[in-house]
Amino acid sequence: MKKTILHISDLHLSVHDSIETWFDKDSIFIEKLTTSIKANITELSVPKIDFIVITGDIANKSLEEEYRRVIKELDNVISVLNLKYENILILPGNHDINWMQSEGAYLGYCSNELKCERKPEKFAFEFMEKYSHYQEFHNVLCPGIFFDGTKAILWSVPMDEMKLIFIGLNTNHHECFSEDYHYGYVQISKLKEEYVELQKKYQDYKVIVFSHHIIANTNSENKAIKNYSEVLEFLYNHCLISTFICGHQHVGGAVESIREDDAIKLCAFGVGSLAKFNTENRYNLLIFENNDEKITLLKREVGFISQHGSNKWIKIGDDNSHELYNMKVEQIPEKLESDSLPTIFEEEKSNSIDTAIIDSAIEPSYVFKKYSELFLQIIRANKFLKSGHFHWSKQSRTLGFIDTSLLFSNFEYLNIAKSALLALIQEKNIKPDLILGLGMEGNLLSGNLPIILNCKFSYYPYCSRKVDHTNKEIQVDFTNVKNLILLTDVTHKAVTINDLIKDEFDNLIHIENIYLISVFYISKNVPYADNMFNHFDERLKFYFVTDEIKIEECGCKVGKENCSIYKNKLDTVFEFY
Amino acid sequence: MICSYIHNDKYTFIQLHAEQSYSNVELFKKSSLKVFSSINDSEDNTELNEEMLNINNGVFGEKLTKNTIEKLSVFVKHQKFKTKYLVIDFSRLNSIQKNTSNQLFKLIEFLTEKQIIVIYTNISDNLLDKINFDQYVMITKSIEGKHVISFDEVDLKDISDLNKELFQEIFNETLVKKLLNDNLEVEVSKEEIKMGSFNFDKEINYSSSVYLSKYIDVKKIIQRKYFFHYCIYRLAMQIKAKKWGKEELLIENSKNKKAEIVLFFQTLSGAYIGSILSDLLHVNLCFIDHIGPINKFYNSYFGERIKAGLNYIVVSDIICLGTEVKIAKSIIEFSGGNYLGNISILRYKTIDERIKKFDNVETLFELNKETNLKYNLKYKIFTEFDL
């Protein structure tokens, strides 16, 4: 038996030209989309789409006219796919919070309280007026599901034949007009309360969670659910939880996956924005199939890609298939005695949880927040962030850069960086056999670390500059190295690391772990996960000190001959290779 | 692990200030966030600042800490000493962390049981007051104003022989053994070229247009991790002690005076050496990427990095004919900086100093006609004219 979900997200439909989407730019966008969906489900031998799940940011400013337009566009989609409104499940995202309504309600309340000479006691996010336009839209689209913004679980849809249940998690508990609350958050007490009720009926069901904000440690506050570790802890201990599916980041791929013995135990992934310009435009087809008491999930990602002057929907990469794993379940008592959660580190529970999950569930520590703040202060005070057009290699081009050679020329700042790197290596419990300093800056950052960590040291030029170094400068002795650290100042797409691994493939064969450790991670578009560069080499893990500074990429194709700024001499181009 | 461990047949030396300098660097790295936070906090954390800043002293630290003595103890317990004497040098240390003296005594007891004669040298009056060695001391002598203490019966002549020249000699021998003997690779021989059997496709790893009979593999030198760090420490002390053509010392304790020297480097190995020196001396750095063996500049605006009026010392691993240093000097001066001189781990002396004198250079080891012969290095530089 199969159940097929069409997962889309982040439509950001606007009517005021404040944001561009393909709905405006391509008059046959819907036609292309539905044609692609139908072709893919045929290819996957799936009879039909069972549900469309939209994980938030459906409108751009949560305006009534935006939702009216959404309904119009969705009507076109479901009519072609032979679906009805009852096949659609939606979740609000942060852009579905109406700031005017939110602020109006809060200020009105405050003014009343003050008139009564009472101190206002409600938080800005507690006013459900923030959902007013979304709620109206929801009532039209999903009349069978009552929308209650105070809830943690907005809907639950069981698939009894497969003993599967989809739940829609409300991660907007704190979102509102106030700048202090622009982040995902789940009300844990409500989650527990509501889950107790659900579990009475669906005790042995495998749970698939849909949410808007992501459920992983990205080191970036407004991307992840702020209290994700509490959410994860609760769900691990009390659900047959296996998969989180989210939106918000406008990128697909694996947000986080944990492998043990080649079986994915837990998987979290997102999807690109369906139609917003200048982002990854994607939809996912998710096929749940049960065979002999096992349920597998097959994910196919399809992207709207420019090819030969026009845009088409094309399958991205290979289909990803994994078995939904049976996690340990503990009974939740009828009445929870206190709000305190069982700790994730209790031994009997940790046996069933991969330590990688525990590691990734730990929040970015206070230490690295402090280092981030320090670096921001330093860079701001000294104007180390430069604008311009920088060609680092054939593939790597940015519209700005952090002048790390100036930054690390100051011995105090260099010391801060080295201390941060040492703290990072020790926090991740890495015991290196060899530190390889990459380029001048990597060597600067390596000073004294090998003697403190009692390991070997060697150096290597950036791969794009290897041709300007002698063989002796490139040769490295990797004998008896099991844990290798590649140390660098800035990581963007890690293209140079990929080149290094390819070039030194034979020498690295016996190495068990490769750690790319960087002071800055600057990529704007790719969300962080420690195995995000796994596709270069599955041994590769990536850690950084701070990702607070994001730098835009040059949008032109690979090769300086394709760079319009370079070709037309529009600006100074700094070439570093 | 101890980095300053050197020995000949009779004496083993350990220089505690070197160990303390690296302990300072390590302790600072581990506690730096407290320092930065306390400096940035508005609360009055004077006491915390003072304690933390004491740790952040590199080579300027004069206090012997528990951490260093523990390292020494661990080393001594696991090391098999083949010499009669273990000489622990206390130069440049003037105080000791509270409640630490006991550990020094335990060390003496342990070594005595092992029948190793321990001699503590270059102990200042100040330090001697703080550590009550009396019950352990067998012999005490004063040499050049500092105290030498032995804790066992020892031939007085053996104590008198403990001088700078002996120490330097042992250091040189150790350097040659650890950094040169194993890492000198045959590069070019005259016979090969004359007979036509030289492989002209072979890559030559130096920037000057000469033939070198041997090539020093810098990466292998760096692999001698502990001794290499000791060499960098000694280089740091040489830089600190030199006036560099000025009327007074330029590098002072960073608490009292802003450092006026910038270390300049232009190679990958230079970056690593410069970084360690920066930790020890608290001086800023400047680099261009890169000069030598292949010259290729990537920073198209390196001129901005060199500030007019600042003093630059070029840091190199090995200086042969000085080609790269000359290029670096030109760049520094063209950009408005003051070129003070250069430092290196090894330096080749290729010309009589009566013809050309180099006042502004510091090196740990000079490879010249005498040392080439003395240590049997068989090093040659030749050109086509010699064939």
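This is a predicted model: local features need pLDDT of at least 70, side-chain atom pairs count only at pLDDT 80 or more; totals for chains, interfaces and linings use all residues.
**The interface**

In this model, 52 residues of chain B are in contact with 54 residues of chain A, and the area buried between the two chains is about 4800 Å², with carbon and sulfur atoms giving 60% of that area. Between chain B and chain A there are 15 residue pairs in polar contact, counted where both residues have pLDDT 80 or more. Five elements of chain B, namely α1, α9, α10, α11 and β13, each supply at least two residues of the side that touches chain A, and the largest share, eleven residues, comes from α1(B). By residue class, that side of chain B divides as tabulated here.

| Class of residue on the side of chain B that touches chain A | Count |
|---|---|
| Nonpolar | 23 residues |
| Polar | 17 residues |

Two salt bridges are found across the interface of chain B and chain A. In a salt bridge between D279(B) and K418(A), the closest N and O atoms are 2.8 Å apart.

**S101(B)**

Within chain B, S101(B) lies in helix α4, which covers residues 101-113. S101(B) has a relative accessible area of 16% and is therefore buried, since buried means under 20%. Leaving aside residues up to four places away in sequence, S101(B) touches I96(B), K130(B) and I131(B).

Technical notes. Residues are numbered from 1 along each chain as its sequence is written. Chains are lettered from A and ligands numbered from 1 in the order in which they are written. Side-chain values use heavy atoms; hydrogens and water are left out. Contact means heavy atoms within 4.5 Å. Buried area is the accessible area (1.4 Å probe) that two parts lose on being put together, summed over both. A salt bridge is a side-chain nitrogen of Lys or Arg within 4 Å of a carboxyl oxygen of Asp or Glu. A polar contact is a pair of N or O atoms within 3.5 Å; within protein, one must be able to donate a hydrogen and the other to accept it, and residues adjacent in sequence count only if both atoms are side-chain atoms. Helices (H or I, at least four residues) and strands (E, at least two) are DSSP runs, numbered from the N terminus. Ala, Val, Leu, Ile, Met, Phe, Trp, Tyr, Cys and Pro count as nonpolar, Asp, Glu, Lys and Arg as charged, and the others, Gly among them, as polar. Buried means under 20% relative accessible area, exposed over 50%, partly exposed in between (1.4 Å probe, protein chains only).
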